Amino acid sequence: MADGARRNRSSVAIIVRPPRLSDRLLAAAPAVAVGLLCLPILAGLAGVVLPSLGYLPALGGTTVSLEPWRQLLAEPGLQRSVLVSLFSGLTTGAVALVIVFLFLAGAADTRADRLMRRAISPLLSVPHAAAAFGFAFLIAPSGLFVRLLSPWATGWQRPPDLLIVNDPWGLAMMAGLVQKEIPFLLLMCLSALPQIDAARRMAVSRSLGYRPVAAWLKTVAPALYPLVRLPVYAVIAYSSSVVDVALILGPSNPAPLSVAVVKWLSDPDLSRRYVASAGALLQLGVTVAALVIWRMAELAIARATRPWLENGSRSLADRGLALVGRLGVGAAVLASALGLASLAVWSIAGLWRFPDLLPRSFTLERWGQASTLAGPLAATVLIGLVSTAVSMSTVVAALENELRRGRSAGPRALQILYLPLVVPPVAFLFGLVIAAETTGLRPGFWPIVLGHIVFVLPYVYLSLAEAYRRLDPRWSMIAASLGASPDSTFLRVRLPMLLSPCLTAFAVGFAVSVGQYLATQLLGAGRVATLTTEAVALSTGGDRRVIGVLALAQSLLPAVMFAVAVGVPRLIWRNRRLMRGRA
Amino acid sequence: MAAALRLEDVRISIGGRQLVALDARIAPGEVLTVMGPSGSGKSTLLAFVAGFLDRSFDASGRVLLGEAEVSRLPAEARRMGLLFQDPMLFPHLSVAGNLLFGVRSGTLQRRERVEAALASAGLDGFGERDPATLSGGQQARVALLRVLLSEPRALLLDEPFAKLDQELRGEIRSFVFERARREGLPTLLVTHDPADAVAAGGSVVTLGT
């Protein structure tokens, strides 16, 4: 009797298997992922704290004081810099979110809507710098819009002397950011909508007599927002601290805080690094402040709209609001497409006088200067491939570990994942450079790759996790019951079945790496040139034709990778009907 | 060669609520039918026997094939052939590829065995086909062939006929039971269709009452 009880208890463990090497390696994957994300950020933040207090032995600073902060506060235009950064984060987040929500609220299955939805994924892969250049080429005094209207409507025979791009309050920069963030938020919303069963919420409320927009805002939006909150925070943080877009579209004197910090830390006068360190921490403070203000606004809006949710009113300027959303998304899509077209035209433009709509002549001369393009191109591709490959292996290992242990990562893991998307890069990258210098790590290829992984890994994870978890567990059960080991099941069943999402995740990661400006610039000490750093370097007064070539090449790289991600599965699975349907 | 499948004092519970309590012996070639409404723990019992029980369940008891205890082995070493409602043919492999997946490595003349298996089910020449292009009945037969080629010691059937058309159901049912009997496999069938139990012809246990 007692014997039987003991035996029963001991047989509770179901799967007893000597731990394999692969299992042990996989078990380490989550820790590796967390380390790859958190260590650089924490080391980077730690790396600026001491210098901001005047302590940087390498430069002879051995006493702790508040002098750097005093100098920082005395910088001319600092107040404006801070305000522009703060304002840019909040405005971009608010405008992009409102437009996306109104678009979804008023969405009908019209042709234009479908076209816009289909356009967002490719637009998302366009690097920020390229999109910003395209936008600048559109709205500049000698840009496409003015040319379209001149001289017949404006009477201008030469470009007007207006500060449209680089305006002092950063409005052009915010517009460019809104244009780029709308596709991102829209995609995030579209992937979250099925989770809240939006279609049935709409069916219920419309059958109760609510007009579509009111129904959506009252029953779908409150459930959707919590699911896209982290992406929204990422947009706010990004827009309050962006460097490359700010260099291209933003004000210059005073510049947004992030740009000012980069200027100080690349000052030949090395003693400016103390101010830069203090500025980096101030940037962190500004971004945190933007998020805190946003959070308070969230609470206030939730409170203020509660009575409205329950007041029974069934319509709400339906047509007008739907139109705002549609025009907003339409404008973003159109501007992005026209911007890319402008880049393309400039890259092959010969003589192009104002106000001619198109160049008089075309030339491939700039593309022909391949020798200048080849180096940055190779560096961009190599850094992109290596950092994405490392991120991808780590992410797949973490997901595989999760699957084998039957435990999924909790909400805390997601918060860690968003850490690099919320902490301003300026704040920790510079500290990372200092930390690397004190440990004797020289700037160059590997520090750049490690820096890129911090930004690539979260996107690879976000793009792959859902597909990995959604794979029917019965596939693995069938394989095991047929005698296949977990490793064999991974290689012969899960990996082939997930080929398509894996390639897409790889393309997403690659696109993120290609778009990196600051990480490459700082961790390579300006000595490693990629397409992005070369293009951004030309942002002030560079030859538009060269910019066109570089920015277009920068946009084409991710596009090629996405084409591979779509094309390869189609080729491999051309005789496998069910595999072709898999996203 | 063929051994009986024994479930020795199997008890499965979740959060203190007992779902399954079963003690049974299934002789080679015989079918034990477990019936019960959805949520009664039928599929949980199969998961326990096959080695996939979710860790949120508490389970005790032993599963034996002949005298050998299999409940301490990992799923892939238990040799429990599994059939679901869906044929679950790997969509990235051809029909032959699916069957080859079942044949153990090191087996002699693997391809010939696959060809012979296809022929035995009236599916000659289907090897290179995409499984998605097969009819429901053909897919069900390939799924069973795949299990049989893996040389299981017992069969676990999780409502394998539930999604088939009425007329097809009888045909596939007798195909499965006849093969199981011929190979001398003890079979555990989980279903909520009384007609399945009648066709199986063995003893019936009802859960969740």
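1. Among contacts in chain A between residues at least 6 apart in sequence, 81% join residues at least 24 apart, where two residues are in contact if their C-beta atoms, placed from the backbone, lie within 7 Å. This is a predicted model, in which local features need pLDDT of at least 70 and side-chain atom pairs count only at pLDDT 80 or more, while totals for chains, interfaces and linings use all residues. Residues are numbered from 1 along each chain as its sequence is written, and chains are lettered from A and ligands numbered from 1 in the order in which they are written.

2. Chain A has 26 helices and zero strands, these being DSSP runs numbered from the N terminus (helices H or I, at least four residues; strands E, at least two). Its radius of gyration is 26 Å, close to the 25 Å that the globule rule gives for 583 residues, so chain A is as compact as a globular protein of that length; the radius is taken over C-alpha atoms, and the rule is 2.2 Å times the number of residues to the power 0.38. Along its principal axes, the C-alpha trace of chain A spans about 100 × 70 × 55 Å.

3. Of the 583 residues in chain A, 47% are buried, meaning that 20 or more other C-beta atoms lie within 10 Å of the residue's own, with C-beta atoms placed from the backbone. The largest nonpolar core has 233 residues, and those with the most contacts inside it are Val100(A), Phe133(A) and Leu185(A); such a core is a set of buried Ala, Val, Leu, Ile, Met, Phe, Trp, Tyr and Cys residues joined through C-beta atoms within 7 Å. Helix 10 (residues 212-241) of chain A gives the most to this core, with 15 residues. Leaving aside residues up to four places away in sequence, Phe133(A) touches Ile248(A), Leu343(A), Ala535(A), Ile547(A) and Ala551(A).

4. Turning to the interface, 28 residues of chain A are in contact with 33 residues of chain B. Helix 1 (2-10), helix 20 (473-481), helix 21 (486-497) and helix 26 (577-580) of chain A each supply at least two residues of the side of chain A that touches chain B, and helix 20 of chain A gives the most, with six residues. The residues of this side of chain A divide into 16 nonpolar, seven polar and five charged, with Ala, Val, Leu, Ile, Met, Phe, Trp, Tyr, Cys and Pro counted as nonpolar, Asp, Glu, Lys and Arg as charged, and the others, Gly among them, as polar.

How values were computed: A residue is buried if 20 or more other C-beta atoms lie within 10 Å of its own, exposed if 12 or fewer, and partly exposed in between; C-beta atoms are placed from the backbone.
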